[in-house]
Structures are given as structure tokens and as C-alpha cells.
Amino acid sequence: MATVVESKKNVAPDSSDRIERASIVIRFAGDSGDGMQTIGEKFSDSSVLAGNDISTFPDFPAEIRAPAGTLPGISGFQIHFGSTDILTPGDAPDALVAMNPAALKVNLPDLIPSGLLIVNTDTFVPANLAKAGYEENPLDDPELGRKYRLIKLDLAQLTMDALKESPLRSVEKARCKNFLALGLTYWIYARPLEATEKWIGSKWGKKPDLADAVIRTVRAGYHIGETTEIELPTYRVERAQIESGVYRKISGNDAIVLGIVAASESSYRDVVFGSYPITPASSILEGLAEHKNYGIKTVQAEDEIAAVGIAIGASFAGQIGITATSGPGFALMAEFVGLAVMTELPLVVINVQRAGPSTGMPTKTEQADLFQAMYGRNGESPVPVLAAASPGDCFDVVIEAIRIALTYCTPVVLLSEAYIANGAEPWKVPNVKRLPKLFLDPLPPGEDHVIYRRDEKTLARKAVVPGRRGYEHQIGGLEKNERGQVSYDPLNHEKMIGLRAEKVERIADSYPPTNVHGSQSGDVLIVGWGGTYGAIAASIRDLQTEGFAVGRVHLRYVNPLPHDLADIFGRFKKILVPELNRGQLAQIFRGKFLIDVVSLPKVQGRPFTVAEISAKVKELL
Amino acid sequence: MIATEDDKPAEPKEVKLTRRDFVAPVDVRWCPGCGDYAILNTIQNVFPTLGIPRERFVVVSGIGCSSRFPYYMNTYGFHTIHGRAPAVATGVKLANPELSVWMITGDGDGLSIGGNHLMHLLRRNIDIKVLLFNNKVYGLTKGQYSPTSELGFIKKSTPYGSIDYPINPLHFALASQATFVARTYDTNPKHMTRIFNAAAAHKGTAFVEILQNCVIYNNKAWADIVAREVRDDALLDLRDGRPLIYGKEYNRAIRFNGFTPEIVELEEDATTDDLPLHHRSDSGYNYAYALAGLEYPAFPMPIGVFRAVERPTYGEQSLLQARYATEKRGHRNLQSLLMGGDYWEVEEKDALIKVHQDPHARADSLADEMDVIEERRAEREKYISDPLFSALATRISSLEVTYGTGRVISIDPGDSVNRAIMLLKEYNLDCLLVIQNKKLKGIVTSRDIVMKVALTDMDREKTAVKEIMTARPDRAESWNSVGDAINKMSMGSFRHLPVDHNEQGYGMISVQELLGYVYTSVKDKG
């Protein structure tokens, strides 16, 4: 049965006294075992239910439980919520919740001047201070209280007080303290409690004592303003102007999972998904494994080589072969992607990029695998490359990648990023009746099958799958002539290479026109791809408000590039390309268009801030 | 002492295939005299007899001389990349379980670069037939040592001799929990035929090592074992339920003292009673592992089926999980899946937000997917209603109504051979069950009489049935399907199969009865 909870505008009392803000950025920071991701998620859920637009940025270490209290073990969750269109998780937090000295040390430099600083004091003991590298207790420095709106709370004690009557052991009680912090922030920002309480009830339903304790803790945090002497600032953020429809919160990897299921339905083909666990792509495998009732077959392969090989085998047998990985796994797949190029089989390889090279920084974001996607194979081996711009965009892009793979009989690389994969935003749920139709007619009965005979328009070959009588044939990695016979003829090789390249180029014929946002011509055009979307869009919005003639293009299709791009470039004096790499797309532009685009590189494992992009644009103006 | 008798599975009427159907219209480009020719030839002879339409065969290979195989087979084929054929074959089989997938690999492709994939293919028990051509050398790269080359092997990359210890392919397969492990060799088409048939009949991954000669880079690779002059003494052909006897004079046998093998010289009139019998369905690994460890010249090299056990295949389990997921989560409804567990609805700007925590409540009004569901369901129904499929899936116990247990006549192991002959004659039977204390001890067929009794000077009155019976026969359980029974019979080359009804004793089913049932039910429904 559906439960309908009606949440009205003013959830918390005293709303008229609250400070009104258009948007707020808050960051929760603590040890990686402190439950920061959990309360961050809950705060996000609660914010969408309060009618705000949101964007989130979970930032956690690769170690599951790094030594407690140390700087590398700090896990953070940043959320930006507001009454306007929220495009990024925010440059700098307006508020910081720090659970221990290390969290304070790592995150304080980011907090805006006079920002709200909530510190849990029970962890500020000499051992922890030493681990964080503090010689003296920073909370004793009166300067801290002058620079920030400082609120010191002994969360451990407050939690114990709240759970006096709970039958839980004190160790278990102590673990609830993150929820005290959560409840406190709900009060400060007027978030509704109901949905979170319901979630707690269902998550720990089998342990009623625990569920009860957690709910008590959240409520205790919520009522701190009334039950203690502490004076708390309170804020109000109006509901965002959101177009009507059905919404849910979605992360990039979840959107990929749903997009794959949807594409399977609308192509009438089952999906075989081979994958090997790797951060930050694993949750795609985990998500798809749940949907076996949708004809999704998942295999956790022995390595990435087998993962992509299984997908190719499935494509040969007529289903949709898909794999997902990150840079190091993608490197292992290179030879098989080449085989799919040669045999012209549909295949989708999703690379959720992370900071490299080698193992690099597995949980941090980067866009440095573009060259790898474009060129990382032996021989002349062109593949289409698509990039997702935001968590919700992942849904549409993976469907588009599957459309291209099936229509053109080609492997397609879809680039996502840790930032998009883990980040979440509200997503307008599409009506399944309006999803693209991906059904392709098989070769008509009786028609002659020539393995590499091509469609006149797309140059795609018509694949016939095993099981169909009278069409038995062999494919493989050796060069073939049109009839599919092994051929070492020099001119045939050159011709086939040309055809495979031309086929990929013609994919651009199927693109919609490229949109320019902001000024349609003028001084600076920002061209972005992938997860830089939010920061670029926010920057252009700000700069336009300031009256500058700037525009932006965000590329979903990185290879082949849209036909109309050269024309758009011609309308602006300068082209700026911000990328989380050393200028890979910029270099492709220079090679293809012979123009001196300006590269804005960043390789810190973190996304761009809006300010960084705006500053660069102003420098060019 | 290479046996040649084979029971071949039936051919469905509508598909009359011959060897010619499987010969691709291209020139075969292996070196003259290469062992691969004989293997190719044998496969082209075996495939038309398996009762599988040609379009359902898929031959998948990696890279190497043997991996050119798919180009020479007029079936669907995929020549993939070095060492990775197991991955592609897995994808093919998973995508379409109705295909008969055969994987061709070599000692370098399968055990060196592809060792990891091969291990995982075997442990997953995916229904794929693996033929590993072992010539102990890299041929296509023009002569380097391989993972099966013996220590000290001198080649271009090992001018002072190889210092790698070779791997035994069968040990590799057994340690990877292969459910079917066999060995044959390239110069004996009859033996290869028997082994390929058994592999084809096995449900699960079948691993077959083929000892193969490379005329150019490792000529006479196996000549000291498989050459016609020596092979009777150098090879031990494993037959299920029979002692491990070998030798030109059929006068030597292998016996295990604990895990230590020993050779037994059989005296002229010695009884073979106390010799252990080969039992390939032993669910443990130790016996097969010990057998696979027998190496020439200290021992004869065993060939034949080392291990054949049943275990649910990856495909079956994957199907069951899909069914379970459907039971648990319901039929597909994409709209509700997209909405997820928690969603909210904005009706118009600035209005109330309704929060839903149950996706199903709103799903129907947004999109009706019943047509899609119906289509998929009809597709499945069509598959299930396929007469051949349903005939093969029928339980044997339901057949017993027609071919009742009443016809089963049993005899005591101590009874005389004469009595056996009398019973066979009197009831016009081919076969008797040998039962003692309600336990099945063996089986006596008219064939045993012909082979072991007729035209000998055996005292038929004094000789007990147990002397001539086939001891510890394979059997079916009453819940086995017709397909299972046909599998067992073709793997063991049996014409009769005892059916174990647990407390209710034993029944019996013959190959004629099974095939007759399949034929009539397909004919009736088709």
C-alpha cells in the first residue's frame, strides 16, 4: 500500500525567525567508520522531501576502515541544497560538522569565513589530537570562535543521556552518535524527520531495540535547541521551482543500472553483463545482479579480460553484451575491444574513471582516460566514445550507447567518473512509453548473408546470430574480405580499415543538433565533457548574470565529434576546455580543428569548483 | 585393447546430417601430416551423429595452430584472441543455452596465457565441451617450449633446455573441479569418437585432452606411447565398471595400494575378481587424480574417461535464479523499477509534494506494460511447449506406467549361468538384474552371454552369474528425466539402465523404450 506523507512548507516551528537562504552547502566529516555517508544520504533524502533541489558529493578513502582518528581515514559527505537549480555539490561548505580532530584538520580550510562549525568535543583527547597533528587543542584557541560560528557539543555524552533507558550496551549506544548530529542539522535547516524515522524502522526492523535507540537519538539531536542552553542558528531554504512530475534521488551508477534494464526492454534483447569488482564501478554489477527477473544475466568474471570476453560472446549470440570497469580494468580489456572492432560486434564498455595512473587514487575522481578510450588499442581501431554529464544523465547516455552499439555493430566506450557514479541528484523519472525504441529488424528470411556487406547509410554490417539455419559462418580477429574469408590482400586491408573508420564517423549523422547554452556567440565558449557539467553550467549562469558574452557546449559525443561543432567554435573569440586531466580533449580539438583552444587542466582527484572556472574565463575576457 | 563399441544418440528425423555438412568450403592450412587433420576429421564425423541441428553448433577458439579449427568447420564459429576462448564461449552459452558450444584450445593457449580462464570455466561447470590439443610445443610462433614440454626440452627460446616443470593438463582440470575429464589421442579415430560422444553427452563442462603430434616442431611428441607397435602396452584404456587391465596379452593390471599405484601381472587362469573396477562417477577427486598421475614408462598412460560426475551446471542455476527472482520480485514492470522504492511527485509548481514509499501503487497509471509481459510470456510458453523439450524433460518414473517394472526379472549372483540363459530365453529378454539382499549387484545381458560364455568350455552349471556380470552398473534414479537417462546410457555405452526406486526395488529401462517414447511424443504433439 502506498503511504502518503504530506510535508508542508514550514516543517519546523519558529520558521519566521529563521534566516532565509537561497542555497546552503553542508559537509559532514568523520572517521570512515563513523557513518558519515549514511547521515549524508539521509540528509539528502530529507532535503528532497523538503522540496529542495540537491547535489551531493561523497568523498571517502579507499581503505574500508583506516586507522581511527588519522587524517587519511577521514570520510566526508557534502550536500548542496537550495531553492534554485542546484548544479554542483558546492565549492565551499557553509557549514561543517566535524566528528573528531582529524576531520577538523582536513576540512576546516574549506569552510567559508564565519561559517557554521559544529564540533564533537568528546574525541578531542590528547591521543586523537596527536594523530591529527595538533600540538594543542584547537578548540581552546579563542581565534576559532571569532572566525567561525562555533558550536561545541559532547555528542557521546548527549547520546548516552538520550539513551539512558535503552537496553543497548554502551558500546552500541556510542555508535548512535552520528544520528545525534543528523538530528541537530535537521533542526537547524528545518528538515522533516518522518521519512528518516521510517527508514530507520525498516533498516533495523529486526533489531527493535536498536531501531528505537537510533530514533531516540535523532529526536534528541532535533530537540537540542529546546532541551539545552545551547543557542543554535536556524535557517530556511524555500522549496525549489521544480517542474511537475515524478522524481526520485539517483546516483550515476544506479542510473546506469536502470538504463541498461530499460534498453534491454526496448530492444527485446536480454543483457549479459560481465564484470569484475573495481572501485568505483562495482555498484553497477551489484545493482544489475538484482534484476534477474528482467532477463539480466550477470557474471562476476575472473578478471576484466574475461568480463569483456563474456560480453562479446553474448553479443555474438544475439544478446546485448555489456561490461563496466574503471581505468585499470579497462586497460586489461583493450585486446578484446579490438576484437569487437574487427568482428564488428555490438558491445558497451563502461569506464567509471578514477584518478590514475596505475592504482592511483581509487576513490577520487578524474577524467584522464579519454586518450585510453580513444587510442588504447593496437592497430587502426576507432571506437565511439560517449560521456555522461551528471548522475541522471547516465540513464540516457547508457541507452544511447546501446543504441549506437546495436545500430552500428560496434563497441562503444561510455565514460563516467567517480564523481558522477557516487554523487546523487533528484531525477525526473521518465515515462517508459517515451523511451527510445531500440528494436532492430533481423536479416529478412531468404536474403543472402554476406558477413561484411554493409548498410548503405550506416555502413553497419548485418549480424546473423547462431541458431539460425543456413547462415552458418565464422568470424574472428584475422582480417577478412567482404565475404568474411581470411585475407592478407594489402588493398583489402586498407579498404576494410577505411570502412571501419568511416562507419564510426557516420555515427555523427545520427546526433541531434548541438545545443549552445548562454550566449550564442561572443567572447568565450566553454566546451566541457563529463562531470564538469555542473561547475561549468553554474559558472556560465553567474557570468551571464554579470553581463558577459559567454556560452557553453557540453559534449555527450566525444567521438566522433558532432558535425556542427566547428561552426559553433567559429562564433566565439576564445574556446576554453576545462578537464580533470592534462588537456586531452583540448589536444584532440587542436589536432582536428587546427585552432588554439585554451586548456584548463586540473588533476587533484577533486572536481572543479565554480570559482575556478569563472576565474579562468575572466582571465580570458 | 581399444574397444570400439558405441551406442550413439538418436538422430531426429528432420535433420539428416552427414560429415559433408560440416566441412567448410576452404582449404585447410595445417602442415601436411599434422595431427590436427585427424581430429578435425573425427569431429566432422561425430557432429552429424549427435542429433543437434547444424545451426546450433558454435565452435569457439583462441589463438594457435589448433585455434584455426573454427574456420574449417561449416558451423557458427568464433576465432577469438589468445587464451580467452573460455570467456567468449561462456558468453555464447549464457546468451543462448540451446547452443552446443565447443571450445578448441592448445597447451599454450589453454594452459599458459589462458590458464586462469580455463580454470574458472571448469569450476563453473558451464555446459561447454573443451578440446585441448596437447603437442607440448608452440607451433604457430615457430617452435618455443610450452607449459607441457618436458624438463630440459631444447627449443629456440630454451637453447640450454627448459627449466620449467611441466603441468599435467588432467591434474589441472581435476584441481579445477572439472566434472568430466578425459584423454584421447590423434591417431585413433575410433577412440576419439567414443570420447567425443561421451563429452557431448555430459551435462556440464567436459574437458578432453588430445595427445597430438606436431610434425614440424615436436615430431613424434607422443610416439613412444601411441605408436601402433607399442600402444597396447603403453596405454591403459579406462572403461567404466571394468578392471584396469592392459597389455597386448591383456595380462597386466593397475591396482592402488592406498594412493600408490602398482602393476599386477595376471596369471593365466587368475580371476580378476579382486581387481578394483574403474568408476568414473566417483564424486571424490583422489582416485581420478591418482589415475591421471600414471606416467609412461613407469606405468601405462591411461586414456578414456577419468571422471564423469553430475553437478548442476552454471546455466541451470542461472535459470533457477531468474525464476526465483521473478517469484520474489514479481514480473517485470519497468515503470515501477524506474521509480524505485522512494519517490515523490510534484503536481504543480509550489504545490504540496506527495511522498510515496511503494512503487507499485502508481505504476499502472503511468504506463501499461502488459503487452510486453504478454509477449515475453508467450515466448516462454512456446519454448516449454516444444515437444522434444518436454519429452526429454519427462521423469522416467512417469514412463514406468507404460514400461512397467513387471518385466524386470532378477537373479541372484550365486545362481548359475545356465539359469541366467534360461530366464533370458523364457521371458525373451536382453537383460537381467543381479540382485542380492534387495541390493543391485550387477547386470547380465545377452551380450555377456555371447561374449563371455558362448563357444567357450565354461561349465555353465557350476559357474556363477557374478563371474560374467557387469558389476556395480550405473543406474538412474526414478526422478531422473528421459534426457538424463539418455545421457547416462550414451556416456556409458549402455543399452539398458537399471532404475532405482529406493524402497520399491529396481526397474529397468532400455534405449529402445526411451527413444520410442521420445519419438512418439514428438510425433503426437508435433
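Trainee: Why does Glu136(A) count as exposed?
Mentor: Its relative accessibility is 66%, and exposed means over 50% (buried is under 20%, partly exposed in between; 1.4 Å probe, protein chains only). So Glu136(A) qualifies as exposed. This is a predicted model, where local features need pLDDT of at least 70, side-chain atom pairs count only at pLDDT 80 or more, and totals for chains, interfaces and linings use all residues. Residues are numbered from 1 along each chain as its sequence is written, chains are lettered from A and ligands numbered from 1 in the order in which they are written, and side-chain values use heavy atoms, without hydrogens and water.

Trainee: What makes Arg454(A) and Glu344(A) a salt bridge?
Mentor: Their closest N and O atoms are 2.7 Å apart, and the cut-off is a side-chain nitrogen of Lys or Arg within 4 Å of a carboxyl oxygen of Asp or Glu. So the pair counts, one of 46 salt bridges over all chains.

Trainee: Nice! How many disulfides does the structure hold?
Mentor: Zero, over all chains. Take Cys214(B): the nearest cysteine sulfur, that of Cys34(B), is 6.5 Å away, whereas a disulfide needs two cysteine sulfur atoms within 2.5 Å. So Cys214(B) is in no disulfide.

Trainee: Why is Cys214(B) called buried?
Mentor: Because its relative accessibility is 9%. Cys409(A), at 6%, is buried as well.
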